[in-house]
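Here are some comments on the model you sent, written for reading beside the coordinates. They are set out as numbered points, each on one topic.

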Amino acid sequence: MTTSRVPRSSLDGIPDDAVIALLEQENAQLWHAVDSHATVDQAIGVLTASHQLAPAVGFEVLREVSQHTDTKLQTVAETVIA
């Protein structure tokens with residue numbers, strides 16, 4: 001996911017309600033990223049504990065499955081946790 005962060009200096013002249021909407025959108029994207037990261041970290045922990053893998057290898061397993069199945073990394077992580 002990419003975020004289109006708007007430089008604060010370019011917000012001059014934009015109505016306050018539009019600035020608020022942009023900031024709320026950015027905030028929602030950041031919260032989603034935090035949640036996704038936590039889910040992936042938990043899945044890495046499951047793989048590390050259950051298969052005695054190094055965390056980097058656990059991430060690679062998640063990444064490979066994600067790429068080969070054309071499934072989002074977060075979805076793969078959620079499946080591992082479940």
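The points below take up confidence, then the helix pairs, then a salt bridge.

1. Confidence. This is a predicted model, and its mean pLDDT over the chain is 87, with 87% of the residues reaching 70 or more. Among the elements of the chain, the lowest mean pLDDT belongs to α1, at 90, while the highest belongs to α2, at 96.

2. The pair α1 and α2. Helix α1 covers residues 16-51 and helix α2 covers residues 55-69, and the two pack with their axes 9 Å apart at an angle of about 110 degrees. Since angles from 65 to 115 degrees count as roughly perpendicular, α1 is therefore roughly perpendicular to α2. The crossing of these two helices is right-handed. On the α1 side the contact is made by V40, A43, I44, L47 and T48, which meet P55, G58, F59, V61 and L62 of α2. Sorted by class, the residues of this contact comprise 8 nonpolar and 2 polar, with no charged residue.

3. The pair α2 and α3. Helix α3, residues 73-81, packs against α2 at an angle of about 115 degrees, again with the axes 9 Å apart, and the crossing of α2 and α3 is right-handed. From α2, the residues F59, L62, R63, V65 and S66 meet L73, V76, A77 and V80 in α3. This contact divides into 7 nonpolar, 1 polar and 1 charged residues.

4. The pair α1 and α3. Here the axes come within 8 Å and cross at roughly 45 degrees, and α1 and α3 are therefore oblique to each other. The crossing in which α1 passes α3 is left-handed. The residues H32, S36, T39, V40, Q42, A43, V46 and L47 of α1 meet L73, Q74, A77, E78, V80 and I81 of α3, and by class this contact holds 8 nonpolar, 5 polar and 1 charged residues.

5. Which α1 residues should be read together across the pairs? V40, A43 and L47 are among those that meet α2, and V40, A43 and L47 are also among those that meet α3. In α2, F59 and L62 are among the residues in contact with α1, and F59 and L62 are likewise among those in contact with α3.

6. Salt bridges. How many salt bridges does a search of the whole structure find? The search finds 2. E60 forms a salt bridge with R63, in which the closest N and O atoms are 2.7 Å apart. Both E60 and R63 lie in helix α2, 3 residues apart, which is about one turn of the helix.

How values were computed
Residues numbered from 1 in each chain as written. Predicted model: local features only at pLDDT ≥ 70, side-chain atom pairs only at ≥ 80, totals over all residues. Heavy atoms only, no water. Axes fitted to C-alpha atoms, helices over the stretch in contact; angles between N-to-C directions. Helix = DSSP H or I, 4+ residues; strand = E, 2+ residues; numbered from the N terminus. Parallel < 35°, antiparallel > 145°, perpendicular 65-115°, else oblique. Left-handed = near helix turned anticlockwise from the far one by under 90°. Contact = heavy atoms within 4.5 Å. Nonpolar A, V, L, I, M, F, W, Y, C, P; charged D, E, K, R; others polar. pLDDT = per-residue confidence, 0-100. Salt bridge = Lys/Arg side-chain N within 4 Å of Asp/Glu carboxyl O.
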